[in-house]
Amino acid sequence: MATFAASDGTTLAYRSIGAGDPLVCLPGGPMRDSAYLGDLGGLGAYRTLVVLDLRGTGRSAVPADVSTYRCDRMVDDVEALRRHLGLDRCDVLAHSAGANLALGYATRHPERIGRLALITPSTRALGLEATATLRREVTRARAGEPWYPAAVAALDSMVSGRATPDAWQAITPFFYGRWDAAARAHQAAEPGQRNQDAAQVFGAEGAFDPPATRAALAVHRGPVLLLAGEADLGAPPGLVAQIAELAPGAELAVQPGAGHYPWLDDADKFTATVSTFLRLQPR
């Protein structure tokens, strides 16, 4: 672990994995310890992964001003990391809710961002939402799974406003391409990795400006990868495809059989897609 100071003096931590040119990696959650990213399926064989712990998560300090957990305010943390690394421009990989932060950075600092890889991205920053139809497209394909009846019943209860306290737990298998021991262990770690108080602030009023973000994405000069999981309930492929419509020249890739964490479902496929996008060879 290494550390640097944010513009407000908060000490932020990051870990470096692999070798080669830096690739700044932003976790989702929102506000989840970056440990859940692991080594992104071995992507460090192609780049040095600079994996940031967002303020108040992992080994990064809790800020004096908790309003700085808001997504737009954390853009300053990404810029502070770029400066700390001594980079004129940085390539960025962001997962899930971290995509909102990456898009915020690209909006405010377009000259400082190169390649942008958004992995099973959240779309709140763009004002896009997944419809029930898009979600059903991915859930129906899992009908043969033994956990499906309970999971789909829980999802229906959530859509209709009749959710029970354990509904979120019941739908968890929909976020993984395989609901096996590895997926269960990954999911079981989440409660201890997420800063719930910070997550409540992340998307607070004023955090997102969809018109400005859409405009910035439309003129973004660097390459953009949009990677969706074929079986992902959180970011259905149909929703991710809508981002591609806003970003001329963006590359849309749908990983077969993958859920919200595609590096867990098929590490080789994931790293092949991302490394090809980065146009680099393994060390």
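A residue is termed buried when its relative accessible area is under 20%, exposed over 50%, and partly exposed in between (1.4 Å probe, protein chains only). Helices (H or I, at least four residues) and strands (E, at least two) are DSSP runs, numbered from the N terminus. The model is predicted: local features need pLDDT of at least 70, side-chain atom pairs count only at pLDDT 80 or more, and totals for chains, interfaces and linings use all residues. Residues are numbered from 1 along each chain as its sequence is written, and side-chain values use heavy atoms, with hydrogens and water left out.

Helix α10 spans residues 237-246. Its buried residues are Pro237, Leu239, Val240 and Ile243. They lie on the same side of α10 because they cover an arc of only 165° around the axis, taken from the directions from the helix axis to the C-beta atoms. Their cover includes α3 (132-139), α9 (210-218), β7 (224-229) and β8 (251-255).

In α3, Leu134, Val138 and Thr139 are buried. Their arc around the axis is only 135°, so they sit on the same side of α3. The buried residues of α3 pack against α4 (148-159) and α10.

Strands β1 (residues 2-5) and β2 (residues 11-17) pair in the antiparallel sense over four bridges; pairing requires at least two DSSP bridges between two strands. Ala5 stands opposite Thr11 in β2. Five residues separate the strands of this hairpin, and Gly9 takes a positive phi near 95°.

Ile17 also belongs to β2. Ile17 counts as partly exposed because its relative accessibility is 21%. Leaving aside neighbours within four places in sequence, Ile17 is in contact (heavy atoms within 4.5 Å) with residues including Gly38, Asp39, Arg47 and Val51. The C-alpha atoms of Ile17 and Ala45 are separated by 8.7 Å, with the two residues 28 apart along the chain.
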